[in-house]
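Reader: I am new to this structure and would like to learn how its features are read, one after another. Could you take me through them?

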Amino acid sequence: MFNQIIVVEGRHDEARIKEAFADCQCIITNGSEISRETLNIIKQLSLTHQIVIFTDPDYPGERIRSKVLEIIPNALHAFIPKN
């Protein structure tokens with residue numbers, strides 16, 4: 001059982017992660033316009049889980065990362081380089 005919640009941009013990202021880690025829990029942001037409601041859910045989950053931000057290394061991904069880090073400064077980072 002994982003004690004991490006992985007923050008991803010979309011459903012395709014979640015599906016790819018679950019191919020490798022079927023029991024993994026993900027929160028989907030639905031792109032860079034991450035809602036206040038989603039941020040509140042992530043903050044609440046951070047009280048009992050480690051939050052891992054796994055977004056693309058592009059502007060939308062960095063924007064999501066920035067917004068999550070504002071509320072959870074100790075979140076972990078995961079990347080797949082552009083190249």
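Predicted model: local features only at pLDDT ≥ 70, side-chain atom pairs only at ≥ 80, totals over all residues.

Reader: What is the phi of Asn30, and is Asn30 buried or exposed?

Author: Asn30 has a positive phi of about 60 degrees, although it is not a glycine. Buried means under 20% relative accessible area, exposed over 50%, and partly exposed in between, with a 1.4 Å probe and protein chains only; Asn30, at 62% relative accessibility, therefore counts as exposed.

Reader: How should I read the sheet, and in which order do its strands stand?

Author: Two strands pair if DSSP finds at least two bridges between them. Here an open sheet of 4 strands has the order β2-β1-β3-β4, with parallel pairing. Because β2 and β4 (76-78) stand at the edges, each with a single partner strand, one side of each is left without a neighbour in the sheet. Within the sheet, β1 and β3 pair in the parallel sense over 4 bridges, and Ile6 stands opposite Val52 in β3.

Reader: What makes a salt bridge, and how many salt bridges does the count come to?

Author: A salt bridge is a side-chain nitrogen of Lys or Arg within 4 Å of a carboxyl oxygen of Asp or Glu, and by this rule the count comes to 4 salt bridges. One of them joins Glu14 to Lys18, with the closest N and O atoms 4.0 Å apart; both residues lie in helix α1, 4 residues apart, which is about one turn of the helix. Glu14, at 18% relative accessibility, counts as buried, whereas Lys18, at 33%, counts as partly exposed. Also in helix α1, and 3 residues apart, are Glu19 and Arg16, whose side chains meet in a salt bridge at 3.7 Å, N to O.

Reader: Which parts does the salt bridge between Arg63 and Glu33 tie together?

Author: In that salt bridge the closest N and O atoms are 3.5 Å apart. Arg63 lies in helix α3 (residues 59-71) and Glu33 in the loop between β2 (25-28) and α2 (36-45), so the pair ties together parts that are 30 residues apart in sequence. Arg63 is partly exposed, with a relative accessible area of 26%, while Glu33 is exposed at 56%.

Reader: How is a pocket found, and what is the volume of the largest pocket?

Author: Rolling a probe the size of a water molecule over the atoms shows where empty space is left. On a 1 Å grid over the protein atoms alone, a pocket is an open set of points where a 1.4 Å probe fits, with protein on both sides within 12 Å along at least five of seven lines, and lining residues have an atom within 4 Å of a point. The largest pocket has a volume of about 380 Å³, a volume being the space filled by probe spheres set on the grid points, which are joined across faces, edges and corners. Of the 18 residues that line this pocket, the closest to its centre are Asp13, Arg16, Ile17, Phe54 and Ile80. The largest share of the lining, 5 residues, comes from α1.

Terms used:
Residues numbered from 1 in each chain as written. Heavy atoms only, no water. Helix = DSSP H or I, 4+ residues; strand = E, 2+ residues; numbered from the N terminus.
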